[in-house]
Amino acid sequence: MKKVIVIGCPGSGKTTFAERLSERTGLPLYYLDAIWHKPDKTHIPREEFDGRIKEIFAADEWIIDGNYKRTIEMRMKECDTVFLFDLPTEACLQGVLSRIGRERYDLPWLETELDDEFRQFIEEFPVSTLPYIYEMIKKHSEGKQVIVFKSREEADEYIRGVIK
């Protein structure tokens, strides 16, 4: 495990898991949200975003945390390990609600509410994005380790077994 992607619905626990995995393995961690978003809630151009991801690929070791459906296939091709968080929608919504008002290292602003557009994205994730992720896993899983978590407890159990 040297080149890792952590993907899944917002609020599922990806970032917490990725941070703990980085601590346990020593692999450098990159947050796609921190790359994509600017503090004024705008974002960098797609070309720049893709270029930054490709810069990460050039390293021998990394963990990339984040979904960004448009770049999943690109990351899937480069990684050797995939962690997918496939949790129930309600658990993801609870996860997002629990972080409102808390400063985060992966996002350059403080979330003060769950806006309707983001809520809708989470609610539609099992239909709009998850099937695509499974399709990409099927297409690019040869020679890769793929681990799917159906609960945060499964992710916690996995982390407990990781030894640096």
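These legends describe close-up views of one predicted model.

Residues are numbered from 1 along each chain as its sequence is written, and side-chain values use heavy atoms, with hydrogens and water left out. In this predicted model, local features need pLDDT of at least 70 and side-chain atom pairs count only at pLDDT 80 or more, whereas totals for chains, interfaces and linings use all residues.

**View 1. Five strands form an open, parallel sheet.** The strand order is β2-β3-β1-β4-β5. Helices (H or I, at least four residues) and strands (E, at least two) are DSSP runs, numbered from the N terminus. Two strands pair if DSSP finds at least two bridges between them. The edges are β2 and β5 (145-149), and each of these pairs on one side only. Neighbouring strands are turned by 15° against each other on average, direction ignored. Axes here are lines fitted to C-alpha atoms, for helices over the stretch in contact, and angles run from 0 to 180 degrees between N-to-C directions. Strands of a sheet pair through backbone hydrogen bonds, either parallel or antiparallel.

**View 2. Strand β3 (residues 62-65) is covered on both faces.** W62 and I64 are buried on one side. I63 and D65 are buried on the other. Buried means under 20% relative accessible area, exposed over 50%, and partly exposed in between (1.4 Å probe, protein chains only). Strand β2 (residues 29-31) runs parallel to β3 and is joined to β3 by 3 bridges. Y31 has D65 of β3 as its bridge partner. Strand β1 (residues 3-8) is also parallel to β3, with 4 bridges between them. Here V6 stands opposite D65.

**View 3. Strands β1 and β4 (residues 81-85) pair in the parallel sense.** The pairing runs over 5 bridges. V4 has T81 of β4 as its bridge partner. G8 stands opposite F85 in β4. β1 is mostly covered, with 5 of its 6 residues buried.

**View 4. The largest pocket holds about 1,400 Å³ of space.** Of its 47 lining residues, the closest to the centre are P10, D33, R99, R104 and F118. The elements that give two or more residues to the lining are α1 (14-25), α2 (32-36), α3 (46-57), α5 (89-99), α6 (116-128) and α8 (152-160). α1 gives the most, with 5 residues. By class, the lining has 14 nonpolar, 14 polar and 19 charged residues. Ala, Val, Leu, Ile, Met, Phe, Trp, Tyr, Cys and Pro count as nonpolar, Asp, Glu, Lys and Arg as charged, and the others, Gly among them, as polar. On a 1 Å grid over the protein atoms alone, a pocket is an open set of points where a 1.4 Å probe fits, with protein on both sides within 12 Å along at least five of seven lines; a cavity is a set from which the probe cannot get out, and lining residues have an atom within 4 Å of a point. Grid points are joined across faces, edges and corners, and the volume is the space filled by probe spheres set on the points.

**View 5. The whole structure has 0 disulfides.** A disulfide is a pair of cysteine sulfur atoms within 2.5 Å. C9 is in none, and its nearest cysteine sulfur, that of C92, is 3.9 Å away. C9 is buried, with a relative accessible area of 3%. C79 is also in no disulfide; the nearest cysteine sulfur, that of C9, is 20 Å away. C79 counts as buried, at 4% relative accessibility.

**View 6. K41 and Y68 have positive phi values.** Most residues other than glycine have a negative phi, and most peptide bonds are trans. K41 is not a glycine, yet its phi is about 70°. K41 is found in the loop between α2 and α3. This residue counts as exposed, at 55% relative accessibility. Y68, another residue other than glycine, has a phi near 45°. Y68 lies in the loop between β3 and α4 (72-78).

**View 7. G161 is placed in the segment after α8.** At 55% relative accessibility, G161 counts as exposed. Its C-alpha atom is separated from that of E90 by 27 Å. Along the chain, G161 and E90 are 71 residues apart.
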